[in-house]
Amino acid sequence: MFSKYKKTDGTSGGQGSPELKSIPGGSVGRATSKPSPTPDLPATQTQDVVTRRRQSKPDAQPKPVDKERKRKERLGEIKLELHKRLLDNLNLSALETATENDLRAEIVAISGEALDEMGVVLNREERQTLNQDLYDEVTGLGPLEPLLKDDTVNDILVNGPQQVFVERAGKLELTDTTFKDEKHLLRIIDKIVSAVGRRVDESNPYVDARLADGSRFNAMVPPIAVDGSLVSIRKFKKEKLSVDDLVNFGAFTEEMAAYLQAAVATRLNVIVSGGTGSGKTTTLNALSSFIDNDERILTIEDTAELQLQQIHVGRMESRPPNVEGKGAVSQRDCLRNALRMRPDRIIVGETRGEEVIDMLQAMNTGHDGSMTTIHANSARDAVSRLENMISMAGIEMPIKATRSQISSAVNLIVQASRLQDGSRRMVSITEVTGMEGEVISMQEVFRYQRVGLTPDNKIIGHFTATGVRSNFSERFRMWGYDLPSNIFEPFAAE
Ligand SMILES: Nc1ncnc2c1ncn2[C@@H]1O[C@H](COP(=O)(O)OP(=O)(O)OP(=O)(O)O)[C@@H](O)[C@H]1O
Ligand SMILES: [Mg+2]
């Protein structure tokens, strides 16, 4: 049965009687009951599993929790053993073309045979779980596979082999997923990065990559990661949240959406500011839906995440240097080139370095309506971040000139935030109105007003306009976005 993907070299006996020799040096098929050690495994390891099971039989009534833990441990050991056998026996290159059904059947057969041989009896459910785990291990990313398939999981965070956290609905949860040991975790990391043509090892101990499905992947391995490899995965969502979704989720109100639509459609330059995972990219993506279909948009990102719905979109992704330190293409390189590509608008996924200069220049020189995100905790903070980035880029300019450059480039700062209860909200929309002396003047138009906390730690609050009339009202009106003036009036608190 499992001849098709079995290695044909070595001891496996060719095509004559593949079934009987599927486990090299093993007990040759289902007919034999006497287990003999696998040659490329330490004999003790194979027997260990068997002996442990046999010894455990006479144990007098262990406590249920203990029993459960032991059983789980034993299943882990069995899985590891079976996995080794699978890898030893399967022809991995043939696997690439195998159909899912064939492969699953193969795994069921090999594991069934090996379990018989090891004298291990599992119930139906355990067998199914085991076979699924083995399938994931052979074809996918092992213990990470179920989490990657789980649509409710946004982020996966691994802190060494024994601790895997996930983020669901804005909240971090510890899972019971573990890796057998650091070697197992490293093997999975290696599988991921080598599939995208990258490498990670002691001399090159961290890697940032985009997986084939678009997910963002970062790993750092020992010795830099002290207690075992650190992995973070931001899962790619095929269905990006739309403006309507965000309004439904309470990220902002319909009035704010109408305002943002006017702002984007009338080509204001917008910065989405926020902390890590606060929803910046999601917001930027949703805002881009307000761009007209006949505009040429160029997007520049370190990891291509944006999914614009317009027809005329050119996407660029920067590239880190290769192992010899060559071949890097920075966001700044992309941006400079983009300016020669006749864009109507430029969207930079996240401005974090020297590209800030070119971004501001683009915003100031005919590419109005450009957008980017920035890692900052408030609108004021976003402006300071821009100032810092400019000075870090080695541009020596008096602070007033820097600020005046920023104030004429940036029109709107939208602040995204992940609140302590896990909810993500647009906590402020602030207009940049100009300069007063050496200071950039701003006015907040909408904000999220927190009022309290429910007993189960959910934040109580509401969105409100601040009562300030938009500085861009006239512009909106001229462009045909005549917003009713009452959207700028403070909302009555619920
Ligand atoms: N308002 C929202 N409600 C629910 N989920 C949201 C909301 N906004 C964003 N998310 C989800 O939160 C996760 C993080 O969002 P996103 O990638 O936009 O954050 P980010 O600020 O760009 O993160 P990073 O700092 O890592 O770039 C995503 O999985 C996204 O689908
Ligand atoms: Mg982002």
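A: By class, the shell around ligand 1 has four nonpolar, eight polar and four charged residues; here Ala, Val, Leu, Ile, Met, Phe, Trp, Tyr, Cys and Pro count as nonpolar, Asp, Glu, Lys and Arg as charged, and the others, Gly among them, as polar. This is a predicted model, in which local features need pLDDT of at least 70 and side-chain atom pairs count only at pLDDT 80 or more, while totals for chains, interfaces and linings use all residues. Residues are numbered from 1 along each chain as its sequence is written, and chains are lettered from A and ligands numbered from 1 in the order in which they are written.

Now the sheet. Six strands form it, in the order E3-E2-E1-E6-E5-E4, with antiparallel pairing. Strands (E, at least two residues) and helices (H or I, at least four) are DSSP runs, numbered from the N terminus, and two strands pair if DSSP finds at least two bridges between them. The sheet is open: strand E3 (171–174) and strand E4 (206–210) stand at its edges with a single partner strand each, so one side of each has no neighbour in the sheet. From one strand to the next, the twist averages 15 degrees.

Strand E1 (residues 153–159) and strand E2 (residues 164–168) run antiparallel and are joined by five bridges. Asp155 stands opposite Glu167 in E2. Helix H7 (residues 182–195) packs on the sheet, where it touches E1, E4, strand E5 (216–220) and strand E6 (230–234). Contact requires C-beta atoms, placed from the backbone, within 7 Å. The direction of H7 makes about 135 degrees with that of E5; axes are lines fitted to C-alpha atoms, for helices over the stretch in contact, and angles run from 0 to 180 degrees between N-to-C directions.

Next, the cores. A nonpolar core is a set of buried Ala, Val, Leu, Ile, Met, Phe, Trp, Tyr and Cys residues joined through C-beta atoms within 7 Å. Buried means that 20 or more other C-beta atoms lie within 10 Å of a residue's own; with 12 or fewer it is exposed, and in between partly exposed. The largest nonpolar core has 64 residues, and Ala263 and Val270 have the most contacts inside it. A second, separate core of 18 residues includes Leu144, Val166, Phe179 and Val200.

Last, helix H12 (residues 355–364) is mostly covered, with eight of its 10 residues buried. Among the buried ones are Val356, Ile357 and Leu360. Gly366, which follows H12, has a positive phi near 90 degrees.

Note on methods:
Contact = placed C-beta atoms within 7 Å.
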